[in-house]
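Trainee: I am new to this structure. Could we go through it by question and answer?

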Amino acid sequence: MDTVATDTTVLVDYLLHLGDNALVLGQRNSQWCGVGPVLEEDLALANQTLDLIGQARLLYQEAARLQGGDATEDSYAYWRDAHQFRNYVLLELPASLPRVGYAQGDMDWGVTLARNFLYSALMVPLWDALQASRHEPLAAIAAKSLKEARYHLRHASDWVVRLGDGSDTSHARMQAAFDHLMPYTQEFWTPSDFERAAVEAGIGVDVAGLRDVWRATVSATLQEATLRDPSDQGYVPQGKNGLHSEHLSYLLGEMQSVARAHPGAVW
């Protein structure tokens, strides 16, 4: 097998995984635009959404350059179905706590901030490590994204502490958010085939090796917030392998509707 072709396939898969994470979380966070709890936070989350969409664009553009043909950043975002996305399941979940069965409650600020915190606590050390990637364009994207991820982590951490160590109501809702989301973080530490190959090629990072750093960040913040560190046990999601919750298809349906209704349109 052609080693160069193999490396390119691995790199494209790895770039799409990183890009899908950023795009899907950006789409979820964008749902707060205009309905944030206060104007300042509405703008702060909108700014973080733009950061994430910007990261996804850079990663998709590089993947398209490598893949060639008719691949573009838009084709990755708008013309793939749910099973073709490689994002963590954590990032596609609605910004709400589940009620009975699969019924969802109203959008919950605590769920949004808990998710942003858990994800950003991973991406800060991951982007930092990816600055040493053998693929120079990815290393450059990592350097830019690291600055943004540090801000995202600081913003989410401040809110976790503020709500966790706030009123009895805010404490209970913040705890419920972490209890709900923590089991989904197991997917971080379960490597996919393309991640293993990327590490072997010197392109990617062994995310499992970042677990202690992530755990230290999470535990310290939860302790400051007077929150219990919840169990992460349960079913291990496999979004990286294309096995998603039912929520992703609805999210993509909303995000992709205009492009699919008017294929080839330019504006």
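Trainee: At what angle do the axes of helix H4 and helix H5 cross?

Mentor: This is a predicted model. Two packed helices are described by the angle between their axes and the distance between the axes. For H4 (residues 109–130) and H5 (residues 136–164), the axes come within 7 Å, and the crossing angle is roughly 145°.

Trainee: Is the crossing of H4 and H5 left-handed or right-handed?

Mentor: By class, the contact of H4 with H5 has 18 nonpolar, six polar and two charged residues. As for its hand, the crossing of H4 and H5 is left-handed.

Trainee: How far apart are the end C-alpha atoms of helix H8?

Mentor: Helix H8 covers residues 211–224, which is 14 residues. At 1.5 Å a residue, H8 should therefore span 20 Å. The end C-alpha atoms of H8 agree with that, being apart by 20 Å.

Trainee: Within what arc do the buried residues of H8 fall, seen down its axis?

Mentor: The buried residues in H8 are Trp214, Val218, Thr221 and Leu222. An α-helix has 3.6 residues a turn, so residues three or four places apart point the same way. The buried residues of H8 line one face of the helix, because seen down the axis they fall within an arc of 100°.

Trainee: Which helices do the buried residues of H8 pack against?

Mentor: The face of H8 turned away from its buried side carries Asp212, Gln223 and Glu224, which are exposed. On the other hand, the buried residues of H8 pack against H4, H5 and helix H6 (168–181).

Trainee: Is threonine 226 buried, partly exposed or exposed?

Mentor: Threonine 226 sits in the loop between H8 and helix H9 (246–261). Its phi is near 60°, a positive value in a residue other than glycine. The relative accessibility of threonine 226 is 42%, so this residue counts as partly exposed.

Trainee: How far apart in space are threonine 226 and valine 161?

Mentor: Leaving aside neighbours within four places in sequence, threonine 226 is in contact with Gly164, Asp165 and His171. Threonine 226 and valine 161 are 65 residues apart in sequence. In space, C-alpha to C-alpha, the distance between threonine 226 and valine 161 is 7.8 Å.

Trainee: Is glutamine 55 buried or exposed?

Mentor: Glutamine 55 belongs to helix H2 (residues 39–67). Beyond its neighbours within four places in sequence, glutamine 55 is in contact with Ala22, Trp127, Ser145, Glu148 and His152. Buried means under 20% relative accessible area. Glutamine 55 has 3% relative accessibility, so it counts as buried.

Conventions
Residues are numbered from 1 along each chain as its sequence is written. This is a predicted model: local features need pLDDT of at least 70, side-chain atom pairs count only at pLDDT 80 or more; totals for chains, interfaces and linings use all residues. Side-chain values use heavy atoms; hydrogens and water are left out. Axes are lines fitted to C-alpha atoms, for helices over the stretch in contact, and angles run from 0 to 180 degrees between N-to-C directions. Helices (H or I, at least four residues) and strands (E, at least two) are DSSP runs, numbered from the N terminus. A crossing is left-handed if the near helix is turned anticlockwise from the far one by less than a right angle, and right-handed if clockwise. Ala, Val, Leu, Ile, Met, Phe, Trp, Tyr, Cys and Pro count as nonpolar, Asp, Glu, Lys and Arg as charged, and the others, Gly among them, as polar. The expected span of a helix is 1.5 Å times one less than its number of residues. Buried means under 20% relative accessible area, exposed over 50%, partly exposed in between (1.4 Å probe, protein chains only). The arc is that of the directions from the helix axis to the C-beta atoms. Contact means heavy atoms within 4.5 Å.
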